[in-house]
Amino acid sequence: MELFTNQILAGIATGAIYACMALAVVMIYQAIDHLNFAQGEMAMFSTFVSWQLMQWGAPYWGAFVITLVFSFFGGIAIERLLFKPLAKAPILTNVAGFIALFAIINSVAGLIWDFTIKQYPTPFGSSPFLGSQLISTHQAGMIGVTVLLLVGLYFFFQFTRIGLAMRAAASVPESARLVGINTSWMIALGWGMAAAIGSIAGMLIAPVVFLEPNMMGGVLIYGFAAAVLGGLTSPLGAVIGGFLVGIFENLAGTYIPGVGNELKLPIALALIITVLVVKPAGLFGRPIVKRV
Amino acid sequence: MSAAIEDVVTESPGVIEAVPKRAMTLGTGTSLVMLGLLLLTPLFVKNFIIFQMTMLLIYGVAVLALNILTGGSGQFSLGQSAFYAVGAYTSAILMEHAGMNYALTLPIAGIICFAFGFLFGQPALRLSGVYLALATFALATAMPQLLKLGYFEQWTGGVQGLVVTKPDPPEAVQSMLSWLHLKMSQDMWLYYFTLVITIAIYIFSVNLLRSRSGRAFMAIRDNEIAASAMGVDVALYKTLAFGVSAGITGVAGGLGAITVQFVAPDSYTITLAISLFLGMVVGGVGWLPGSIVGSAFIIFVPNIAEGISKGLSGAVFGVLLFLVIFLVPHGARQVAIVGQQLIGRFRKN
């Protein structure tokens, strides 16, 4: 039984990473209706920027804030320069654009900071949390930040004018335009916010997986999976999905014989697909009704 | 937004815009010129280039298969590398363990992949859009791990993979050529062998999309509800599209195994599936002749990028890809249509 609780705790700890990333994924899906394959790379680049600032002597929180601002405007710039012109192009062309962006950011980061693994500091310390060996204070801090972000996003979308405008622009663009919302800038804003949330995720994950240009590869897959499992329309679902994927991955690795590290990912994905076959809109997503 | 309970009502967006049936193929003249080029070029180039041209055809077939699935029936797949891998392993195992003739392994690879794709299409029926993308993506990430499993190792060779012997040109061809004092290299034989199969698959695909089944695919792509109202068995045709696409990809995989002379789990990762997807977009979704253009893109552009800058090859590749999708968002199809209009105007004058 103790093994079981310990594995669940460890699962929650890794799940926090996925939840963070899933939140960023859902954020951008709300704004642009696509899954951004380059999201992980954007987060990785932001994390490198904060690392560089700290190398130059900036304090952690100073670097944190500057990176947030940088990522926000970086996200907006990417949307304005690269994806606004593609707004009318077919969906699949947009997906190809995400893949191109992925290749560019990965390769540029590799050139600037090279591919060696770097240590990344944590503001929360890494001593055991409440006497448990499985969750460190950093991981507890990460869970805390994720929950804070979620609450913040909820209030932003529910109780601010601009949040309302973003929701309107995403769900019924034409009517939103008629009541005077600049839908094109709402999309840019969505990109900026997604990039900023991604950078927070990156900075929280980096102390665990270490900093290098390919650090996000695996995390992003789990992030997508978590977002889809929870339902792409629901930020709360994304976070819960993240924790569920983390817990399940750990339990499968421990209890199903023959499942080593290699098979963890396929099994987690298989579970998600099974869930989707039963509930096609994800656990917390709203079913989409088509107008005929 | 999680608080909003009401359902979202959207206009049903098609995955891709409709492609008129006539625009799906090339005119007779252009086809003959292409065929002539494909037939004659190998006679004048080195063996390595012949090898690359063979790979061009093989990836062309794989892109074509994805094009039938996405451009034809409107379903999205990031899992083509899994079908390719199954085809490649089927051919390799039959050749190396059962000592079967390489040409005979291809139809078997095709049939096994057809069955696999058809079965995979069943659960995929419930999913569409990003969800289907994730499901097929899962298949693509799982495949290399499954091939590495110790349980299958005596057949698959585990992590090491299998080495496949390269076929010689048949005696009849050699003796015929020796009359002309010529000798055919293995590479050249394999090229023409691949070319014949490619042309056969191309003709089959064009005719398939023109047939009753093809019209059913396109009806589902354009409006699923309307299609089912008109009596199209949506479930059957959607799974059938998966099966046909997987089967063709399997044949391409088998050819790939014979040409590269080696199969290993890590040759068939998600990167291959993404490449095939890019090939389809660059070639033009739903335009079958574009498959070969897309295949050329995914084979040659990474090399060109490497040539321009070693350290930044990924960035150069990304920039080139962006250039293509900015200039021609509809891929090579758009170029072909513009070219056709220009020629039309030229003829009128």
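Where does Phe210(A) lie in chain A?

1. Phe210(A) sits in the loop that links α8 (183-209) to α9 (216-230) of chain A. Although Phe210(A) is not a glycine, its phi is positive, at about 70°. Phe210(A) counts as partly exposed because 13 other C-beta atoms lie within 10 Å.

2. Asp114(A) is not a glycine, yet it has a positive phi of about 50°. You will find Asp114(A) in the loop between α4 (91-113) and β1 (128-129) of chain A. With 11 other C-beta atoms within 10 Å, Asp114(A) is exposed.

3. A word on confidence in chain A. The average pLDDT of chain A is 84, and 94% of its residues score at least 70. Helix α3 (residues 60-83) of chain A has the highest confidence, at 93, while strand β3 (residues 288-291) of chain A has the lowest, at a mean of 65. Where pLDDT is low, predicted coordinates should not be read in detail.

4. Now for the core. The largest nonpolar core holds 192 residues, and Ala22(A), Leu23(A), Val25(A) and Ala225(A) have the most contacts inside it. Helix α1 (residues 2-32) of chain A contributes the most to this core, giving 18 residues.

5. Over to chain B and its helix α12. α12(B) has 14 residues and reaches 20 Å from its first C-alpha to its last, close to the 20 Å expected at 1.5 Å a residue. Twelve of those 14 residues are buried, so α12(B) is largely enclosed by the rest of the structure. The buried residues include Leu272(B), Phe277(B), Met280(B) and Val282(B).

6. Val282(B) deserves a stop of its own. This residue is part of helix α12 of chain B, and Val282(B) counts as buried because it has 26 C-beta neighbours inside 10 Å. Leaving aside neighbours within four places in sequence, Val282(B) is in contact with Val293(B), Gly294(B), Phe297(B), Val324(B), Gly331(B) and Ala332(B). By contrast, 34 Å separates the C-alpha atoms of Val282(B) and Met184(B), which are 98 residues apart along the chain.

7. α13(B) covers residues 290-308, and its 19 residues reach 26 Å between the first and last C-alpha, close to the 27 Å expected at 1.5 Å a residue. At Phe300(B), α13(B) bends by about 35°, and Pro302(B) follows within four residues. Among the buried residues of α13(B) are Val293(B), Gly294(B) and Phe297(B). The buried residues of α13(B) pack against α2 (47-73), α12 (270-283), α14 (313-327) and α15 (332-348) of chain B.

8. Finally, look at where the chains meet. Here 43 residues of chain B are in contact with 48 residues of chain A. On the chain B side, β1 (8-11), α5 (130-148), α12 and α14 each give two or more residues. The largest share, ten residues, comes from α14(B). By class, this side has 28 nonpolar, ten polar and five charged residues.

Notes
Residues numbered from 1 in each chain as written. Chains lettered and ligands numbered in written order. Predicted model: local features only at pLDDT ≥ 70, side-chain atom pairs only at ≥ 80, totals over all residues. Expected span 1.5 Å × (residues − 1). Bend = angle between axes of the 7 residues up to and from the residue. Buried ≥ 20, exposed ≤ 12 C-beta atoms within 10 Å, placed from the backbone. Contact = placed C-beta atoms within 7 Å. Nonpolar A, V, L, I, M, F, W, Y, C, P; charged D, E, K, R; others polar. Core = buried A, V, L, I, M, F, W, Y, C linked by C-beta atoms within 7 Å. pLDDT = per-residue confidence, 0-100.
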